[in-house]
Amino acid sequence: WSTMASYFGRLIYNYNDRYLLTATIRRDGSSKFGPQNRWGWFPSASVAWRVSDEDFLKQSALISNLKLRAGWGMVGNQDIPNYAFGASLTTLNSAFGPAVRNSAYSNPNVQWESTSSYNVGLDFGMFGGRVDLSAEVYLKETDNLLLEVQLPQIFGDQVSGPQANVGSMTNKGIELTLNTINIDKKKFRWSTNLNFTLNRNEVTDIGGTSIFRNLYWYTGFQTATVTTTGYPVGQFYGYIMDGLFTSKQEILNHAVQIPDDVDPNINKIERTTGLWLGDIKWRDINGDGVINADDQTIIGDPNPDFIYGFNNTFRYGPLTLDVFIIGAVGGDILNYSRARNEQMLGIFDNQATTVKDRAQTRLLEGGADFNNIDHVELINPGTNMPRFDNGAENFNHYMSTRWIEDGSYMRIQNLK
C-alpha cells in the first residue's frame, strides 16, 4: 500500500466582478518516493478580465459577454509502483535450498514528475447569449518523466530496471467550444454545441535513448511502437511494404531478404525456405542492400490531427431529440485483428475471408514443377495479399505498414 499527504492554500481576489485573480499553492507528499524526495511543491495562478462589464461595453447590443483569461500551474505525478525507490528481492528454489535474488533495482533519487501548464483563453458571447464561443490555447511541459529504465539484455528478463526521471515532453494545442441557439420559438427550439480539439505531442528528451514496446504475434514478440526524441509518444514502428514479388527477376534484383545458400549477395529463391512469387517486398530504408532490423522505421502516428464533437438538440413542445456526433481526422491504427487473421501461417489457423484474394500461382504452359519458379506464374499479380506460406521463412507476417490503417472516423455517439 501507499500513502499520500497534501497541504493546500488558495487566495481569491475579485474586484467588482471584472478583475479576477486566483492563486493556489499545494505541497504533496507520497510514500512512493524516497525520504529525500517525498515532497513536491505545485503552485498555480490565473487571472481574468471581464471586459463586457466595462462601461464602454455594458450597453452593447451585440456583445453580451467578453472575458479574457490566462493561467499557469503545476501538477505532480507519482504513478510508479509502491516502494519503487528501493530494491526488492524474490525467493526461489535452488540446488542448495531456498534462495533469494533481486527482482528490481533501486533508485533512491527518483522524484515527482511535474507538468507546467500555460493557457490563454477567450470567452465571447453575442446576441444576449444566443452565440457563445470559448477558445483556449495551451502549452504543457512535462519534466522528470517517470519511466522504468531498460536494462541491458545481459541482466535477463527476470529483473526489473529501476524507476527514474529520464525525460521530458510537451503538449500544445487549441480547444474551441461554440454554443448557438439557432431557432427559439414558442413551441420549437433548436440549439447546437460544437467542440474542436487539436493537440500536438512531442518527446523533447528521453535520456538519449529510445523506448521500444513489443506486441505478441503468433510467431513471438515483435516491436510495435517506439518513443523517441523529436516525435510523439508511441509511434508505430516496423517495415514498409513495397508490394509483392511478381517475377523471378524482381526477387533477384531486390535487396537481400533471405540470403542464398551459395551466393549470400542475392536472394534465395525457394518455395518454403526462401522467397517466392507472392511474397512481400520490404523497403531497404538505409540502402545497404540487405533487409534487417536496421530497415525498421516509424510507419504511423496514432495521434489524430484533431477531434471534434457536434451535438444538436431539438425541442418541440414536450418532445426532445438529441443527436450527438463525434469524430477524429487523421491518426493511424494498428489493425491487430487483421494481423492475427491474415497471417496465413498454417492450415489450422482461422483466417479472414479477405485471404481468398491471396497471391496464388499456376503452372505456365508447358510447366511441370510447382517448386520451380521458372515453371509458374501469379494468377492475380494485382493483389496486395501475400501468398499462403504454411510456415515458410519469408517473414510476410512482420510488423509493417501492411497492418497500419487510417484511424479517421465519424459516428453517432448518442441519439435519444
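**Labels and their grounds**

Me: Where is F127 found?
Reply: F127 sits in the loop between β7 (113–126) and β8 (131–143). Strands here are DSSP runs (E, at least two residues), helices are DSSP runs (H or I, at least four residues), and both are numbered from the N terminus. This is a predicted model, in which local features need pLDDT of at least 70 and side-chain atom pairs count only at pLDDT 80 or more, while totals for chains, interfaces and linings use all residues. Residues are numbered from 1 along each chain as its sequence is written, and side-chain values use heavy atoms, with hydrogens and water left out.

Me: Why is F127 called partly exposed?
Reply: Its relative accessible area is 45%. Buried means under 20%, exposed means over 50%, and partly exposed is in between (1.4 Å probe, protein chains only). F127, at 45%, therefore falls in the middle class.

Me: What is the phi of F127?
Reply: Phi of F127 is positive, about 55°, although the residue is not a glycine. Most residues other than glycine have a negative phi.

Me: What about N16, and is N16 buried or exposed?
Reply: N16 lies in the loop between β1 and β2. Phi of N16 is also a positive value, near 60°, in a residue other than glycine. The relative accessibility of N16 is 52%, so this residue counts as exposed.

Me: What makes the nonpolar surface patch?
Reply: The patch is made by Y13, Y15, Y19, L21, V47, W49, F56 and L68, with about 770 Å². The elements that give two or more residues to the patch are β1 (4–15), β2 (19–30) and β3 (39–50). A patch takes residues with over 30% relative accessible area and no salt bridge, joining nonpolar side chains (Val, Leu, Ile, Met, Phe, Trp, Tyr) within 5 Å and like charges within 9 Å. Areas come from the Shrake-Rupley method with a 1.4 Å probe, and for residues only the protein chains shown count as cover. As an example, W49 lies in strand β3.

Me: What makes K281 and E250 a salt bridge?
Reply: Here the closest N and O atoms are 3.7 Å apart, so this pair also meets the limit. K281 belongs to strand β17 (residues 280–282) and E250 to helix α2 (residues 248–253), so the contact joins parts 31 residues apart in sequence. K281 is buried, at 17%, whereas E250 is partly exposed, at 28%.

Me: How many salt bridges does the structure hold?
Reply: The count is 14. One of them joins the side chains of D184 and R189 (3.3 Å, N to O). D184 is partly exposed at 42%, and R189 is partly exposed at 27%. R69, D123 and E136 are linked in a network of salt bridges.

Me: How much space lies in the largest pocket?
Reply: About 560 Å³. On a 1 Å grid over the protein atoms alone, a pocket is an open set of points where a 1.4 Å probe fits, with protein on both sides within 12 Å along at least five of seven lines, and lining residues have an atom within 4 Å of a point. There are 18 lining residues, and E148, V149, Q150, L151 and G156 are the closest to the centre. β13 gives the most to this lining, with four residues.

Me: Which residues lie nearest the centre of the second largest pocket?
Reply: R271, T361, R387, F388 and D389, out of twelve lining residues. This pocket has about 260 Å³ of space.

Conventions. Grid points are joined across faces, edges and corners, and a volume is the space filled by probe spheres set on the points. A salt bridge is a side-chain nitrogen of Lys or Arg within 4 Å of a carboxyl oxygen of Asp or Glu.
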